[in-house]
Amino acid sequence: MTADVLDRRRLNRATLARQLLLERHAMPVLDAVEHLVGLQAQEPLDPYHALWSRLDRFRPADLVLALLDRRAVRITVMRGTIHLVSAGDCLVLRSLAQPVLDAELARHPDYGPPLRGVDLDPALDVVGSLLAERPLSGTELRAALAATFPELDAAALAYACRCKLGLVQVPPRGVWGRSGKVKLTTVEAWLGRPLVDKPMIDEVVMRYFAAFGPAAVGDVRTWSRLTGLREVVERLRPRLRAFRDERGRELFDLPDASRPDADTPAPPRFLPEYDNSLLSHDDRSRFFPTDDRVRARLFGADRKVSGSVLYDVFVCGTWRIDRGRD
């Protein structure tokens with residue numbers, strides 16, 4: 001049987017619906033964060049902007065409370081980038097990201113070479129013990145490593161700890177209305193629970209399709225930066241429905257997921273500098289006009305992603321907040 005073909009507008013509407021962007025939803029903050037499989041958060045306030053565009057009557061205080069109550073955390077997960085995720089998802093997603101972070105450490109041009117052949121376990125044990133006592137800044141962490149392992153590159157060791165240990169960025173970092181430098185502690189110290197030893201990748205991939213589908217295997221790879229996903233999706237095929245895009249790529253989706261008509265109204269939406277809706281597909285054409293100038297403006301030459309404006313179907317512009325002394 002020939003798979004149904006989804007044109008660019010239908011793909012756009014489907015992904016907007018899954019991303020809670022076709023209409024604002026009356027949904028608890030953490031339910032939304034988990035549905036979206038986390039929110040990109042290397043810019044500390046991005047999750048607030050992302051949720052404001054998605055939730056009805058969103059209050060920043062609700063997300064602040066989740067961070068302070070340790071029901072949500074900021075941690076490096078998908079693509080080796082900082083995300084805001086629920087505490088439960090943190091235990092799974094951080095474990096799944098380990099191969100990505102291992103590869104990142106190995107290929108780092110500055111930190112990889114000094115650590116080749118070095119047994120990292122003693123440094124990881126020392127840092128784990130230090131962070132169990134209190135969160136430390138990067139400067140404090142490097143100083144402690146330099147004092148304990150003077151023969152090794154302290155900055156490289158600190159980067160190895162970032163890649164090898166599950167490190168949470170603790171409040172007030174990421175708290176609306178406050179500012180604070182990055183301070184780190186371990187997942188175990190912060191949440192009182194260890195990372196999941198053998199996380200189930202199949203269920204996480206199904207959640208990706210629920211939040212970002214319909215999507216191709218390459219899209220899942222772009223979102224996660226994991227390898228071996230063709231085998232995972234083939235294993236899941238009986239639970240999925242197959243489509244084709246206009247280029248003939250095979251796409252997968254949950255059978256009963258929302259796929260609105262191409263002419264479904266799409267209201268204007270403001271998205272933060274880094275929003276997973278625009279970063280989680282190998283083929284991002286479902287969100288962009290054929291004019292590449294808009295994409296070039298959004299993904300600038302310095303690789304910093306601007307805030308984006310969605311209108312009707314596609315990204316139509318960028319935004320920023322300028323603050324003066326007054």
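## Helices, cores and a hairpin in a predicted model

D7 caps the N-terminal end of helix α1, with a side-chain oxygen 3.2 Å from the backbone nitrogen of R9. The model is predicted.

**Helix α1.** The helix is mostly covered, with eight of its 11 residues buried. These are L11, N12, R13, A14, T15, L16, A17 and R18. Their packing partners are β1 (4–6), α2 (29–35), α12, β8, β9 and β11 (307–311). Just after α1, L20 takes a positive phi of about 65°.

R10 also lies in α1, which spans residues 8–18. R10 is partly exposed, at a relative accessible area of 28%. Neighbours within four places in sequence aside, R10 is in contact with R259, P260 and A262. D263 is 253 residues from R10 in sequence, yet their C-alpha atoms are 8.2 Å apart in space.

**Helix α10.** This helix covers residues 154–164 and is mostly covered, with eight of 11 residues buried. The buried set is A154, A156, L157, A158, Y159, A160, C161 and C163. At the start of α10, a side-chain oxygen of D153 comes to within 3.0 Å of the backbone nitrogen of A155.

How many disulfides does a search of the whole structure find? The search finds zero. C163 is in no disulfide, and the nearest cysteine sulfur, that of C161, is 9.4 Å away. C163 itself is buried, with a relative accessible area of 0%. C316, by contrast, counts as partly exposed at 43% relative accessibility.

**Helix α6.** The buried residues here are Q98, V100, L101, E104 and L105. They lie on the same side of α6, because they cover an arc of only 160° around the axis. They pack against β3 (72–76), α5, α7, α10 and α13 (217–224).

**Nonpolar cores.** The largest nonpolar core has 35 residues. Which residues have the most contacts inside it? They are V73, I75, L191, V205, F209 and W223. At least two residues each come from β3, α5, α11 (187–191), α12 (201–212), α13 and α14 (229–236). Helix α12 gives the most, with seven residues. Apart from this core lies another, of 24 residues, among them L141, L145, L157 and A160.

F209 touches R18, A215, V220, V233, L240, F252, D253 and L254, leaving out residues up to four places away in sequence. Of these, R18 is one of the buried residues of α1.

**Hairpin β8–β9.** Strands β8 (residues 241–245) and β9 (residues 250–253) pair in the antiparallel sense over four bridges. A242 stands opposite F252 in β9. The hairpin has four residues between its strands, and G248 takes a positive phi near 90° there.

T76 lies in strand β3. Is T76 buried or exposed? At 8% relative accessibility, T76 counts as buried, because the cut-off is under 20%. Residues up to four places away in sequence aside, T76 touches T81, I82, R94, L101, R162 and L167. L101 is among the buried residues of α6.

E140 lies in helix α9. E140 is partly exposed, with a relative accessible area of 28%. With residues up to four places away in sequence left out, E140 touches R134, P135 and K183. K183 is 43 residues from E140 in sequence and 9.2 Å away in space, C-alpha to C-alpha.

The accessibility values for single residues are collected here.

| Residue | Relative accessible area | Class |
|---|---|---|
| C163 | 0% | buried |
| T76 | 8% | buried |
| R10 | 28% | partly exposed |
| E140 | 28% | partly exposed |
| C316 | 43% | partly exposed |

Note on methods:
Residues numbered from 1 in each chain as written. Predicted model: local features only at pLDDT ≥ 70, side-chain atom pairs only at ≥ 80, totals over all residues. Heavy atoms only, no water. Buried < 20%, exposed > 50% of the residue type's maximum accessible area, 1.4 Å probe, protein only. Polar contact = N/O pair within 3.5 Å; in protein donor to acceptor, adjacent residues only side chain to side chain. Disulfide = S-S within 2.5 Å. Arc of directions from axis to C-beta. Contact = heavy atoms within 4.5 Å. Pairing = 2+ DSSP bridges. Core = buried A, V, L, I, M, F, W, Y, C linked by side-chain atoms within 4.5 Å.
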